[in-house]
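Subject: A structure for you to explore

Hello,

Here is the structure I promised to pass on to you. Please open it next to this email and follow along as you read.

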Amino acid sequence: MTSRTTPGLTRFNTSDETAATAELHEVCSSSAWGSKVLAQRPYADADSLFAASDAAMAELTAADLEEAMAGHPPIGRPKPGDPTSAREQRGMAGASEELKTELLELNLAYQEKFGHVFLICATGATAEFMLGQIKVRIGHEAEQEREIVRTELAKINRIRLTRLVEEAA
């Protein structure tokens, strides 16, 4: 990534705790993750922030992961009016109705099996890729899938943190 200090990182480092907590909640809805990342401010550079995010993600409990996943809409159904959700799920835009229907059905089966939404880092992914991934992942055991979800969340957090540190003050 980058090792330079950016205006967005400076703003984040100097924001009051309430504002910084709100920004982190937009990145990841796990309060445990947010608290751990917040506690290490100020960050010397973006890489330090990313490392703290990864470390915090690695320490999340199953309940913390559930809280983090609750902030993500199902693939194919971005949150209405949420530009982040729409941007991240852009790969679904050109999908056929047949593919969307199949993905919806698999989403429901996945949710029934695991008790949470199918979570994948959708940024840059095509609908076909996401469909293939859910077909594979629905066959996993719960513990294996939880660790894949942790990895996917970490990828999403990095993308969102990159946007946060690159935004102008």
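To begin, which backbone nitrogen lies 3.4 Å from a polar atom of the side chain of Ser29? The nitrogen belongs to Gly71. This is a polar contact, that is, a pair of N or O atoms within 3.5 Å; within protein, one must be able to donate a hydrogen and the other to accept it, and residues adjacent in sequence count only if both atoms are side-chain atoms.

Before going on, a word about where the values come from. This is a predicted model, in which local features need pLDDT of at least 70 and side-chain atom pairs count only at pLDDT 80 or more, while totals for chains, interfaces and linings use all residues. Residues are numbered from 1 along each chain as its sequence is written, and side-chain values use heavy atoms, with hydrogens and water left out.

**The overall picture**

The chain has nine helices and zero strands. Helices (H or I, at least four residues) and strands (E, at least two) are DSSP runs, numbered from the N terminus. Of the 169 residues in the chain, 44% are buried. Here buried means under 20% relative accessible area, exposed means over 50%, and partly exposed is in between (1.4 Å probe, protein chains only). The chain exposes about 8500 Å², and carbon and sulfur atoms supply 54% of that area. Accessible areas come from the Shrake-Rupley method with a 1.4 Å probe; for residues, only the protein chains shown count as cover.

Now for contacts, which means heavy atoms within 4.5 Å. Among contacts in the chain with a separation of 6 or more, 71% are between residues 24 or more positions apart.

Ser29 sits in the loop between α2 and α3. With a relative accessible area of 13%, Ser29 is buried. A polar atom of the Ser29 side chain also lies 2.9 Å from the backbone oxygen of Glu67. Leaving out residues up to four places away in sequence, Ser29 touches Glu67, Ala68, Ala70 and Gly71.

Glu67 belongs to helix α5 and is partly exposed, at a relative accessible area of 32%. Although Glu67 and Ser29 are 38 residues apart in sequence, their C-alpha atoms are 6.3 Å apart in space. The side chain of Glu67 has a polar atom 3.1 Å from the backbone nitrogen of Ser31. Again leaving out residues up to four places away in sequence, Glu67 touches Ser29, Ser30, Ser31 and Ala32.

**Helix α2, one side and the other**

Which residues of helix α2 (residues 17-27) are buried? They are Ala20, Glu23, Leu24 and Val27. Seen down the axis of α2, these buried residues fall within an arc of 95 degrees, so they line one face of the helix. The arc is that of the directions from the helix axis to the C-beta atoms. Thr18 and Glu26, on the other side of α2, are exposed. The cover over the buried residues of α2 includes α1 (7-14), α3 and α9 (142-166).

**The core**

A nonpolar core is a set of buried Ala, Val, Leu, Ile, Met, Phe, Trp, Tyr and Cys residues joined through side-chain atoms within 4.5 Å. The largest one here has 46 residues, and those touching the most other members are Phe12, Trp33, Leu49, Met57, Ile75, Met92 and Leu153. The largest share of this core, seven residues, comes from α9. Leu153 touches Met57, Leu65, Ala68, Met69, His72 and Leu119, not counting residues up to four places away in sequence.

Thr151 is in helix α9 and counts as partly exposed, at 43% relative accessibility.

How many disulfides does the structure hold? There are zero, a disulfide being a pair of cysteine sulfur atoms within 2.5 Å. Cys28 is buried at 2% relative accessibility, and Cys121 is buried at 12%.

Lastly, find Pro42 in the loop between α3 (31-39) and α4 (46-58). A cis peptide bond, with omega about 0 degrees, joins Arg41 to Pro42.

Enjoy exploring!
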